[in-house]
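Dear colleague,

I am handing over the structure below, and after it I set out what was found. Please keep it open beside this message as you read.

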Amino acid sequence: MRIVIAGGTGFLGRALSTQLQARGDDVRVLTRRPTAANHIAWNPAEPRATWTNELGRADAVVNLAGEPIDKGRWTEERKAVLVDSRVTSTRSIVSVLKERENGAVLLNASAVGYYGACGDEVITEMSLAGHGFLASLCRKWEAEASKASERGRVVLLRTGLVLDARAGALARLLLPFKLGLGGPMGDGRQFWPWIHRDDWVRLVMFAIDDARFRGPTNLSAPEPVTNAVFAQTLGRVLHRPAIMPAPRFALSFVLGEMAEAMVLSGQRAIPARAQSTGFTFAHPDLEAALKDLLTRA
């Protein structure tokens, strides 16, 4: 199978590319800074270039492109960049796919932030969109991707907190927790829908192959936990106390609007679509998942 990954040089894109190639797929990575033989120079503003030819021959396209959501405070200027980097790149990809006679499956990144702050309500793919900047961004992002359904199958990858000891949120938490400075954030009651990196990769590959996947798909483990439980579990795995809370006012002062959307509120999201197809999670338990990741790291 010929698979194109847009924005595939991040930690998720690299892991996905590695596993796809390991099973024998022909993988091409669209990136602004090509560094490998299978990398294709990509500028979404150039509608007639080598990258469009790659899309024209692809059986599946995985679009992970977008400016990092957690780098820098959400000023109005930064929020505009976050939206534009996702919507513009997705629009460029969709415009090429819509010109094809035979459609390709498009798996487009999104986030569980689509649902907004949900308290302890159980969230499935049938739940409605929430409020706030992150929810609005996801709605615009998904709306652009969904236009490709005129030509082929579209899967919206509503991703939770992907755990990897070398990158992402977990990697940033390790140092303070190892120093005994970890603990719950805010009141700790917000749910964190987490997923082991390997299960994220396996689920994306499963969705590429299985035509039952259409529309939104929650990429999160079957048992989301509260932030307090997450902190206690990480502390236990590291054999460190996890009793140093990060007060809400301090997080809001440092992170601004981002704190409320990404740290202090959450979603009790479950992967209903994945479970209905028979997908089996290799790492459904948080403590076992953390031990696996930290042992390998």
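To begin with the helices, α1 passes α6 in a right-handed crossing, where right-handed means that the near helix is turned clockwise from the far one by less than a right angle, and left-handed that it is turned anticlockwise. Please bear in mind that this is a predicted model, in which local features need pLDDT of at least 70 and side-chain atom pairs count only at pLDDT 80 or more, while totals for chains, interfaces and linings use all residues. Residues are numbered from 1 along each chain as its sequence is written, and side-chain values use heavy atoms, with hydrogens and water left out.

Helix α1 covers residues 11–22 and helix α6 residues 197–209, and the two pack at an angle of about 60° with their axes 10 Å apart. Helices here are DSSP runs of H or I with at least four residues, strands are runs of E with at least two, and both are numbered from the N terminus; axes are lines fitted to C-alpha atoms, for helices over the stretch in contact, with angles from 0 to 180 degrees between N-to-C directions. The pair is therefore oblique, the class left over once angles under 35 degrees (roughly parallel), over 145 (roughly antiparallel) and 65 to 115 (roughly perpendicular) are set aside. In contact terms (heavy atoms within 4.5 Å), Leu12, Ala15, Leu16, Gln19 and Leu20 of α1 meet Arg197, Trp200, Val201, Val204, Met205 and Ile208 of α6.

Helix α2 (residues 50–57) and α3 have axes that come within 9 Å and cross at roughly 55°, and this crossing is right-handed. On the α2 side the contact is made by Trp51, Thr52 and Leu55, and on the α3 side by Ser92, Ile93, Val96 and Leu97.

Serine 85 also lies in α3, which spans residues 76–97, and with a relative accessible area of 19% serine 85 is buried (under 20%; exposed is over 50% and partly exposed in between, with a 1.4 Å probe and protein chains only). Its side chain reaches the backbone nitrogen of glutamate 67 at 3.0 Å.

Aspartate 164, in the loop between β8 (161–163) and α5 (168–178), counts as buried at 5% relative accessibility. The side chain of aspartate 164 reaches the backbone nitrogen of arginine 166 at 2.8 Å. Leaving aside neighbours within four places in sequence, aspartate 164 is in contact with Phe11, Leu170, Ala171, Arg197 and Leu293.

With kind regards

How values were computed. Polar contact = N/O pair within 3.5 Å; in protein donor to acceptor, adjacent residues only side chain to side chain.
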